[in-house]
Structure formats: structure tokens, C-alpha cells
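I opened my notebook to keep track of what I looked up, one topic at a time. Have a look along with me.

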Amino acid sequence: MEILFYNSTSTAFSPYGDYWRRVKKISTIELLNTKRVQSFRSIREEEVSNLVNWISTKEGSPINFTSKVYSVNSCITLRAAFGTKSEGHRDVIQSVMQETLELLSGFDLVDLFPSIGMLQWITGIRSRLEKLHQEIDRMLENIINEHKQAAVKVSEENNKDLVDVLLKVQEDVDDGFHLTTDNIKAVIWDIFLAGTDTTSTTINWAMAELMKNPRSMKKTQAEVRQVFNRIGTVDESSISEMKFLKAVVKETLRLHPPGALLAPRECRERCVMNGLEIPIKTKVIVNAWAIGRDPEYWKEAERFSPERFFESPLIDYRGTSFEYIPFGADRRMCPGISFGMANTELALAMLLYHFDWKLPDGIQHDDLDMTEIFGISIRRKDELNIIPIVYHPSLAA
Ligand code: HEM
């Protein structure tokens, strides 16, 4: 079933209000635009390089790839959101976020956004969530105050973190819309929840698929190494040349869209689809996971084959190819595509450049278990434990 319709009087689903529209606009235009995402390049490169250095010390032993990728992504998001001011709070934020994700693991994106409505209806875990909510609130309050008190105002666009940008928006009252401090906290926390888990899940699935498909792994590594060796630097500047790597990420998102059920929609007017009458106000759930595996649109739909995107180069994830919507479509579409893709592509490129990867003893490529578990994002059931072997360009044939 790819689209579910049902009438709902539940408070879980609140129609979009003016607040939501404004915040969405701010997220898309001010916070997560391509230029801003570019300005976080050095953060990405530094954090992934730190990971590469750490992995180098573990050569020959299995590492928990899943948890390492998760912590790198949360560091990148933290630094992008709070700048250097996050350092004193980093451990607390990461553990609170981890706890939130664990508590919410039975829920999905559909339940979470806009998060403002979330706490109103989750009953069983309400008290723990409320305690966490207070902790998060206190922590964000401190960080925002530190930003407000910073003696030197940040004027250079490139040095602005997301809190700086939101405080600037708060100052510039736009035709009567006032962004409160609570709004700022909610936006930042939504970005954490929506951005970190989805991105690290994507990197994890991509690596798992490459481990399961050695031919694709070889092809991706050959491309990444050819480009980085020719340019002479291992950084973000040449990622745009890595067409096969990009196809690997696209194929990963086709088979494993982390936000499988998208955000819920509501029918604004009565309509008829395939003879079925859909009344006004029906809640609509779109199953992007099932759409990406529909044999009507995809040849050998269950097979991991990045090459399919060379055969159909026009299929893109920007919300206009309806057979492929890992970031959703229309006004509820993900505002974090550029940030998510930049983090995913750089991490994969660097980890595939610097290391060859082996499965621990006794596990064959074909045997790698790809069972999924359903939560905020659809993750692999098992953490990915794999063995790094350092690549030395000078020794390569
Ligand atoms: C590979 C990474 C990512 C994937 C696959 C992904 C996917 C999605 C999907 C499917 C939705 C719902 C869209 C819809 O219903 O039409 C969504 C919403 C959202 N995403 Fe992402 N996302 C990713 C990364 C990010 C990042 C890095 C950020 C922020 C830094 C982010 C922020 C958000 C926010 C704030 C929403 C809610 C938008 C709303 O309520 O309208 N996402 N994302």
C-alpha cells in the first residue's frame, strides 16, 4: 500500500498554521540554503578527518561503523547550529538527543512534525519525555543566552551559526511576525531530530549496501580514488565530479528512505482517485518506501543498482519525480536536502578513499543481514561492524 487515506479526529494531526509556514520559510531560505550549507564545509571536513584519523588507529579490527557515523553527524549538526559555543554542552546534548531518539523509536516522522504537537498526545512515555523536554529547554536557553551575550556581534555571514541566524531573524520583525525564543528552541531541536538520524542512517545503509555488493564498492572506490588522487586533496571541492558515488547515494535512498512515511497531509477538498472518493479533511499517509520499490516504476526493484540512475538521469529527489520521493515533495518537503547530501557524500567519499573495508570473519557479502527496524528513521536492525584497512595511494597499482 503506497498511499493510505483515513478520516481522523485525532489531535495528533494539526493543520499547518501561520507559525509553521513562517518557520518553514525561515528553515528553507535562511537556515539551510545552499550558501549556508557551503559555509559549514570546514566543519564537515574537520569532523570527518577526525573520524578518519581515529579509524586509522583501528586498522585490522572491527569498528562499530554505525555509532561512529552517528556521532560524527551529530557533531557536525551541533557545530553548525551552535558554533564554538556548543563545545561545553556537547556531551549533554548528545546524550539527551540519544535518549530522545530511543524514547521515540516506536514513532516516525509522521508523528513528530510539527514537534509542537508531539507532546500533547504521546501518553505512555509522557512523563519521561516531559523531563527530557525540560532538560533540553534549559540547555537551549543557556546556549541562546550565551549567543545573546557574546561581546562581538557576528557580522560575517560565513561565521554565523544557526542560532546567530535565528537571533537575527528575531531582531528583524517581518510584517508583524515575531519569532519567540521558544520558537528558536523548537526550530533548532527539530533540525537536530530531523537531520542527524536521517543522515547517519543514509550513510550507514549506503555502506551496508556497498559491503553487500562488492562490484559497486569497487566501482565507487575506483572513482573516489581516481578523482582525489588526480586533484591531490581529499576534501569537498571535487565531490561534484563523483557521479557514481552520487548514484550510490540515490540508489540507497530509493531502497532505504529514512523518513519512509513522509509527513502527514490533509485533503483540502473532496476528490476521486482511481474511483475512490476521498472526503475533505482525510488524513493521507504517503509510503515513500513502497513507492521506491514499486515494480511498475522500477526494473528489478529490489536489486541495488546505482547504474539505473545513469539510464534515467532525469529522476531526481527534488520532489518532481513522484516515483522517487525520499525527501518528500511539495510544501512539506525536507528543507535539509543540501545539508544532508553534503554530509552524506563527503563522509562516504573520505571513508571509501582512505580505507578498504572487510566484513568480520565468517560473514560473507551475501549473508549481510539487511533487516530493517521502524522508528523515526528506518534503520538497519543490527549495527554495522566492519574492518578498516588503510589505503596507501603510493602503494596502489
Ligand atoms: C539524507 C538525509 C535526509 C532525508 C532522507 C530526509 C528526509 C525527510 C523527509 C522524507 C521529510 C518529510 C518530507 C515530506 O513529508 O514531504 C523531512 C522533513 C524534514 N527534514 Fe529532512 N531529511 C534528511 C536530512 C535532513 C537534514 C540534514 C535536516 C536539517 C539539518 C532536515 C530537516 C528536516 C525538517 C526540519 C523537516 C520537517 C519539515 C516540515 O515539517 O515541513 N532533514 N526530511
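My entries follow, beginning with the whole chain and ending with a few single residues.

**Entry 1: the chain as a whole**

I first noted that this is a predicted model. I then asked how many helices and strands the chain has. The count came back as 15 helices and 10 strands. Next I looked up burial, and 34% of the 397 residues in the chain are buried. I also checked how far along the sequence the contacts reach. Taking contacts between residues at least 6 apart in sequence, 77% of them join residues at least 24 apart.

**Entry 2: the nonpolar core**

Which residues touch the most other members of the largest nonpolar core? I found Val163, Ile188 and Ala347, in a core of 77 residues. The element that gives the most to this core is helix α10, residues 181-212, with 14 residues. As a reminder to myself, nonpolar side chains in soluble globular proteins tend to be buried together.

Setting aside neighbours within four places in sequence, I listed Ala81, Phe82, Ile143, Ile144, His147 and Ile188 as contacts of Val163.

The UniProt record, an unreviewed entry, puts a "binding site" feature at Cys334. Cys334 sits in the loop between α14 (308-311) and α15. Is Cys334 buried or exposed? It is buried, because 25 other C-beta atoms lie within 10 Å and the cut-off for buried is 20 or more. Not counting residues up to four places away in sequence, Cys334 touches Phe327 and Gly328.

**Entry 3: a sheet of three strands**

I followed an open sheet with the strand order β2-β10-β7 and antiparallel pairing. β2 and β7 are the edge strands, each with a single partner, so one side of each has no neighbour in the sheet. In general, strands of a sheet pair through backbone hydrogen bonds, either parallel or antiparallel.

I then went through the bridges. Strand β2 (residues 63-64) is joined to β10 (residues 385-390) by 2 bridges. Ile63 has Ile386 in β10 as its bridge partner, and Asn64 stands opposite Asn385. On the other pairing, 4 bridges join β7 (residues 355-358) to β10. There, Lys358 stands opposite Ile387.

**Entry 4: Ile76**

I found Ile76 in helix α4, residues 65-82. Ile76 counts as buried because 26 other C-beta atoms lie within 10 Å. Leaving out neighbours within four places in sequence, its contacts are Ile43, Arg44, Glu47 and Asn343. I checked Glu47 in particular: Ile76 and Glu47 are 29 residues apart along the chain, and their C-alpha atoms are separated by 6.7 Å.

**Entry 5: two positive phi values**

Most residues other than glycine have a negative phi, so I looked for exceptions. Asn274 is one of them, with a positive phi of about 50°. Asn274 lies in the loop between β4 (271-273) and β5 (276-278). Why does Asn274 count as exposed? Asn274 has 4 C-beta neighbours inside 10 Å, and exposed means 12 or fewer.

Lys281 is another, with a positive phi near 70°. I placed Lys281 in the loop between β5 and β6 (282-286). Lys281 counts as partly exposed because it has 15 C-beta neighbours inside 10 Å.

Methods. Residues numbered from 1 in each chain as written. Predicted model: local features only at pLDDT ≥ 70, side-chain atom pairs only at ≥ 80, totals over all residues. Core = buried A, V, L, I, M, F, W, Y, C linked by C-beta atoms within 7 Å. Contact = placed C-beta atoms within 7 Å. Pairing = 2+ DSSP bridges. UniProt positions renumbered as here; feature names shortened; annotations may be inferred.
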